[in-house]
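Please consult the sequence and the coordinates while working through the steps.

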Amino acid sequence: ASLWREIAREPDFAAELALFRRYKAQLSDECEPWSLWSEDAHRKALIERATALSATEHYCHLAQLDSAGFVKYLKRRAGLPSKECLTQGRMRKQIVFIKTHKTGGSTLTNIFNRFTLKYDLHPVLPINNYFLGWPRTQELPHSYLQLPQVAALDVLAAGHTRFSKAAMDAIVPGAVYVTVLREPLQHFVSSWRYWHVEDHLRS
């Protein structure tokens, strides 16, 4: 919060912010025809149809590349190989992400959601959109939707949850487990401010 306060004090901040929002809205309108394309489709268009793209199409496709996608695109342009991240010679596609509060979990969840979409995997989807058996692990088996005609699920990452290996192994067998730990004092202060604990104590 303090960093943003410092940025907001910069000269012309309001004008620059307004200009950014105008350009963002303009880009959103111009790029709407390709808004539902996958990241791979945008990169493929840039590589295979480069000479046929208009300036607007070119910028729209570039705008939709994430950081890794941009690196792969630049590698391809330079004629270099672009290998995916591998673990012991094979990509791991069964993943359990223990998402905890105020540790950057939402950012990682979005990465795992895009990974799920890119490789056409089967996700564990929380019924209420937010929690997978949180805060009571015994509720985990009853907190997600059953996907029609899907026998095994691949990625548990879409909601806050608590670690329970037996229950999670039953949902995503053979998964690699991932979580984020944060320095305890910073975690406490961040949580205190986010949930306005002081206001609740006063009331």
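**Exercise 1: Salt bridges**

Aspartate 40 and arginine 43 are joined by a salt bridge whose closest N and O atoms are 2.8 Å apart; here a salt bridge is a side-chain nitrogen of Lys or Arg within 4 Å of a carboxyl oxygen of Asp or Glu. The model is predicted: local features need pLDDT of at least 70 and side-chain atom pairs count only at pLDDT 80 or more, while totals for chains, interfaces and linings use all residues. Residues are numbered from 1 along each chain as its sequence is written, and side-chain values use heavy atoms, with hydrogens and water left out.

Task: State where aspartate 40 and arginine 43 lie, and describe salt bridges elsewhere in the structure.

Solution. 

Step 1. Both aspartate 40 and arginine 43 belong to helix α3 (residues 39–48), three residues apart, about one turn of the helix. Helices (H or I, at least four residues) and strands (E, at least two) are DSSP runs, numbered from the N terminus.

Step 2. Accessibility is classed as buried under 20% relative accessible area, exposed over 50% and partly exposed in between (1.4 Å probe, protein chains only). Aspartate 40 is partly exposed because its relative accessibility is 29%, whereas arginine 43, at 13%, counts as buried.

Step 3. The whole structure holds five salt bridges. One of them links lysine 165 to aspartate 169, with the closest N and O atoms 2.7 Å apart. This pair lies in helix α7 (residues 165–171), four residues apart, about one turn of the helix. Lysine 165 has 43% relative accessibility and is therefore partly exposed; aspartate 169, at 25%, is partly exposed.

Step 4. Glutamate 198 and arginine 202 also form a salt bridge, and their closest N and O atoms are 2.6 Å apart. These two residues are four apart in helix α9, so about one helical turn separates them. Glutamate 198 is partly exposed at 37%, while arginine 202 is exposed at 64%. Salt bridges with shared partners also connect Glu39, Asp40 and Arg43 into one network.

**Exercise 2: The sheet**

Task: Determine in which order the three strands of the open sheet are arranged, and explain why one side of each edge strand has no neighbour.

Solution. 

Step 1. The order is β3-β1-β5, with parallel pairing; two strands pair if DSSP finds at least two bridges between them.

Step 2. Strand β1 (residues 95–98) is connected to β3 by two bridges, and isoleucine 95 stands opposite valine 155 of β3. Helix α6 (residues 105–118) packs on the sheet and touches β1, β3 and β5; its direction makes about 165° with that of β1. Contact means heavy atoms within 4.5 Å, and axes are lines fitted to C-alpha atoms, for helices over the stretch in contact, with angles from 0 to 180 degrees between N-to-C directions.

Step 3. Between β1 and β5 there are four bridges, and valine 96 stands opposite tyrosine 177 in β5.

Step 4. Both faces of β1 are covered, as Ile95 and Phe97 on one side and Val96 and Ile98 on the other are all buried.
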